[in-house]
Amino acid sequence: MSCTNRIKEEILELKAERRAIILAHSYQNEEVQDIADFVGDSFALSRISAENDSSVIVFCGVHFMAESAYILSPQKTVLLPVPEAGCPMADMAEVEDVLEWKEKYPQAAVVSYVNSSAAVKAVSDICCTSANAINVIKSLDQKEIIFLPDQNLGSYIASRVPEKTIHLWPGYCRTHHRVTPEEVLRVKELHPEAEILIHPECRPEVVALADFVGSTTQIIKQVSRSTADSFVIGTEMGIIHGLTKKYPQKKFYLLSPGLICPNMKKITLQDVLHSLKNLQPVITVPEPVRSQAYKALDRMLQIGS
Ligand code: SF4
């Protein structure tokens with residue numbers, strides 16, 4: 001038996017012993033996606049972590065995702081196999097700055113993208129994901145919104161919900177923000193037949209060139225319903241693994257070689273095994289931050305996708 005297969009077997013045995021589930025974000029390494037019970041975006045994974053009756057959640061993603069799983073299910077042991085796997089965009093919003101903005105725009109509702117720390121969620125009115133951001137913002141009574149931390153997703157929402165005044169936080173995802181309109185034009189020339197699917201974390205001038213704009217789950221759904229045979233994928237490269245497995249007859253091209261998130265690639269099978277063996281590293285969020293952040297997350301979950 002190969003070393004990889006032995007690791008996989010050990011993971012499966014320990015998973016059963018610990019009553020654990022393995023959740024993997026669609027941007028994770030292929031080997032990690034393949035061992036996971038569920039692969040999806042932050043919204044889908046938050047729901048699963050809240051609804052599943054396992055005792056242990058091995059969260060293969062980045063820090064804020066494991067925090068969200070704990071916020072929703074504090075009775076469970078939430079493991080993040082590599083605790084240094086963070087999200088630079090989430091780190092671009094600090095609580096003190098959010099409180100300053102709240103003072104500056106007292107009428108505004110604070111909507112935080114799930115890619116934010118638990119502490120920031122705790123001072124927010126509601127959370128959103130890239131899949132439900134438009135519905136979340138439309139659901140609010142307030143006309144004025146502080147949207148953080150992603151200025152690109154915020155600009156996209158502002159273009160789709162013009163009746164609201166949206167104050168944009170100056171954060172961005174390094175992986176998506178580095179894609180340029182020139183790259184889109186080049187790929188269009190190379191693959192004129194392909195449908196261009198782009199994540200709203202990309203810059204507005206890049207998003208403007210898309211045939212379809214959506215979250216990772218929405219991009220996957222678009223592939224399933226489209227009659228096109230080939231697609232240019234404008235989000236993190238990890239999603240192509242699942243797409244190729246599900247639609248082997250279709251062709252997928254990555255929009256830019258820069259679409260790789262180093263933090264999402266930190267977790268390996270070895271790390272998953274180590275984490276399950278030692279039930280470490282555990283992610284928790286202290287009270288009252290957890291219960292305050294819970295309100296913002298739960299309000300989002302009530303709205304749906
Ligand atoms: S892809 Fe961007 S938003 Fe997602 S974890 Fe990586 S840096 Fe954060």
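Helices here are DSSP runs of H or I with at least four residues, strands are runs of E with at least two, and both are numbered from the N terminus. With that convention, Glu94 sits in the loop between β4 (77-79) and α5 (95-104).

Some ground rules. This is a predicted model: local features need pLDDT of at least 70, side-chain atom pairs count only at pLDDT 80 or more, and totals for chains, interfaces and linings use all residues. Residues are numbered from 1 along each chain as its sequence is written, and side-chain values use heavy atoms, with hydrogens and water left out.

Back to Glu94. At 43% relative accessibility, Glu94 is partly exposed. For the cut-offs, buried is under 20% relative accessible area, exposed is over 50%, and partly exposed is in between, with a 1.4 Å probe and protein chains only. Glu94 touches Val120 and Trp169, leaving out residues up to four places away in sequence. Contact means heavy atoms within 4.5 Å. Leu273 is 179 residues from Glu94 along the chain, and their C-alpha atoms are separated by 33 Å.

Now the domains. Their bounds come from an automatic or database domain assignment. Domain 1 is 3-85 + 264-278, domain 2 is 90-172 + 289-303, and domain 3 is 175-254.

How do domain 2 and domain 3 meet? Their C-alpha centres lie 26 Å apart. On the domain 2 side 10 residues are in contact, with 11 residues of domain 3. The buried area is about 820 Å², and carbon and sulfur atoms give 57% of that. Buried area here is the accessible area (1.4 Å probe) that two parts lose on being put together, summed over both. Ser130, Asn152 and Tyr156 supply 54% of what domain 2 buries against domain 3, more than any other three residues.

What about polar links across this interface? There are 6 residue pairs in polar contact, both residues at pLDDT 80 or more. A polar contact is a pair of N or O atoms within 3.5 Å; within protein, one must be able to donate a hydrogen and the other to accept it, and residues adjacent in sequence count only if both atoms are side-chain atoms. Helix α8 (residues 151-160) gives the most to the domain 2 side, with 4 residues. Salt bridges between domain 2 and domain 3 number 0.

Next, helix α3, residues 42-51. Ser42, Phe43, Leu45, Ser46, Ile48 and Ser49 are buried there. The buried residues pack against β1 (20-25), β2 (38-40), β3 (56-60), α4 (63-72) and α15 (289-303). At the N-terminal end Asp41 is the cap, with a side-chain oxygen 3.0 Å from the backbone nitrogen of Ala44.

Finally, salt bridges. The structure holds 6. The rule is a side-chain nitrogen of Lys or Arg within 4 Å of a carboxyl oxygen of Asp or Glu.

Take Lys15 and Asp37: their closest N and O atoms are 2.7 Å apart. Lys15 lies in helix α1 (residues 3-18) and Asp37 in the loop between α2 (30-35) and β2, so this pair ties together parts 22 residues apart in sequence. Lys15 is buried at 14%. Asp37 is partly exposed at 33%.

Glu51 and Arg47 pair at 3.7 Å, closest N to O. Both lie in α3, 4 residues apart, about one turn of the helix. Glu51 is exposed at 61%; Arg47 is partly exposed at 27%.

Last pair: Glu287 and Arg290, 2.7 Å from N to O. Glu287 is partly exposed at 48%, while Arg290 is buried at 13%.
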